[in-house]
Amino acid sequence: MNRFIAMGTALLVAAQAQALDLDAPFANIDGGTLALSEWQGQPVLVVNTASRCAFTKQYQGLQDLYDQYRDRGLVVLAVPSDDFNQELASDAEVKEFCELQYGIDMQMTGITPVRGSRAHPFYRSLRDDIGFVPRWNFNKVLIDPDGAVVATYGSHVTPLSDTLTQKIEALLK
């Protein structure tokens with residue numbers, strides 16, 4: 001019986017990977033576009049961020065996490081969003097703030113809606129396919145190298161927490 005449960009779980013994970021919109025382009029804060037499918041074969045941590053939030057200091061933890069694991073293949077994608085009215089007015093301001101305050105060199109999108117009817121297609125697919133909608137800034141989505149969601153985390157889970165790093169390390173083995 002347990003084998004059937006495991007097989008059902010594996011099929012559900014595979015269905016999630018196929019259903020997520022990993023090809024929908026995000027505007028790249030540096031110009032051009034990015035798509036999650038560009039990093040197929042690598043784990044990706046997607047985080048909706050904001051520059052004027054009580055959790056903004058997590059940018060440092062995200063950069064530290066990226067520095068710690070980038071050589072092993074981890075991609076960290078920051079998705080600035082003003083859905084909670086805590087983001088700066090323009091992509092240029094966000095980029096300057098992140099570079100000056102935190103030395104950010106991880107991947108970043110332009111300011112992007114992550115909730116509601118205007119949500120980016122990736123976030124709409126998270127909502128529709130696995131029921132995840134960011135409740136606040138700095139919610140995290142960990143995607144495995146095959147494109148399946150491994151876990152989602154709220155704002156209170158910090159980037160360097162054991163909860164998150166243990167999952168990342170398991171994906172990098």
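## Helix 4

Helix 4, residues 121-130, has Phe122, Tyr123, Ser125 and Leu126 among its residues, and these four are buried. Buried stands for under 20% relative accessible area, exposed for over 50%, and partly exposed for what falls in between, with a 1.4 Å probe and protein chains only. Looking down the axis of helix 4, the buried residues fall within an arc of 155 degrees, so they line one face of the helix. The arc is taken over the directions from the helix axis to the C-beta atoms. Just after helix 4, Gly131 has a positive phi of about 80 degrees.

The model is a predicted one, in which local features need pLDDT of at least 70 and side-chain atom pairs count only at pLDDT 80 or more, while totals for chains, interfaces and linings use all residues. Residues are numbered from 1 along each chain as its sequence is written, and side-chain values use heavy atoms, with hydrogens and water left out.

## Overall layout

The protein chain has five helices and seven strands. Here helices (H or I, at least four residues) and strands (E, at least two) are DSSP runs, numbered from the N terminus. From the N terminus on, the order of elements is α-β-β-β-α-β-α-β-α-β-β-α.

Of the 173 residues in the protein chain, 49% are buried. Among contacts with a separation of 6 or more, 68% join residues 24 or more positions apart; a contact means heavy atoms within 4.5 Å.

## Nonpolar cores

The largest nonpolar core holds 28 residues, of which Tyr59, Met108 and Ile168 touch the most other members. Such a core is a set of buried Ala, Val, Leu, Ile, Met, Phe, Trp, Tyr and Cys residues joined through side-chain atoms within 4.5 Å. At least two residues of this core come from each of strand 3 (44-49), helix 2 (58-69), strand 4 (75-80), helix 3 (91-102), strand 7 (149-153) and helix 5 (162-172). Helix 2 gives the most, with five residues. Another core lies apart from this one; it has 20 residues, including Val44, Val46, Val79 and Ile143.

Which residues does Met108 contact, leaving aside neighbours within four places in sequence? Met108 is in contact with Ala27, Asn28, Ile29, Leu34, Tyr59, Leu77, Ala78, Pro80, Val94 and Cys98.

## Helix 3

The twelve residues of helix 3 should span 16 Å at 1.5 Å a residue, and the end C-alpha atoms are 16 Å apart, which agrees. The expected span is 1.5 Å times one less than the number of residues. Val94, Cys98 and Tyr102 are the buried residues of helix 3. They cover an arc of only 30 degrees around the axis, which puts them on the same side of helix 3. An α-helix has 3.6 residues a turn, so residues three or four places apart point the same way.

The buried residues of helix 3 pack against helix 2, strand 4 and strand 5 (107-108). On the other side of helix 3, Ala92 and Leu100 are exposed. Just after helix 3, Gly103 takes a positive phi of about 60 degrees.

## Loop residues

Ser81 lies in the loop between strand 4 and helix 3 and is buried, with a relative accessible area of 0%. A polar atom of the Ser81 side chain is 3.2 Å from the backbone nitrogen of Asp83. Beyond four places in sequence, Ser81 touches Thr49, Ala50, Glu87, Ile111, Thr112, Pro113, Val114 and Asn137. Asn85 has its place in the loop between strand 4 and helix 3, and counts as exposed at 66% relative accessibility. Phi of Asn85 is near 60 degrees, a positive value in a residue other than glycine.

Pro43 sits in the loop between strand 2 (33-34) and strand 3, and counts as buried at 3% relative accessibility.

Notes:
Polar contact = N/O pair within 3.5 Å; in protein donor to acceptor, adjacent residues only side chain to side chain.
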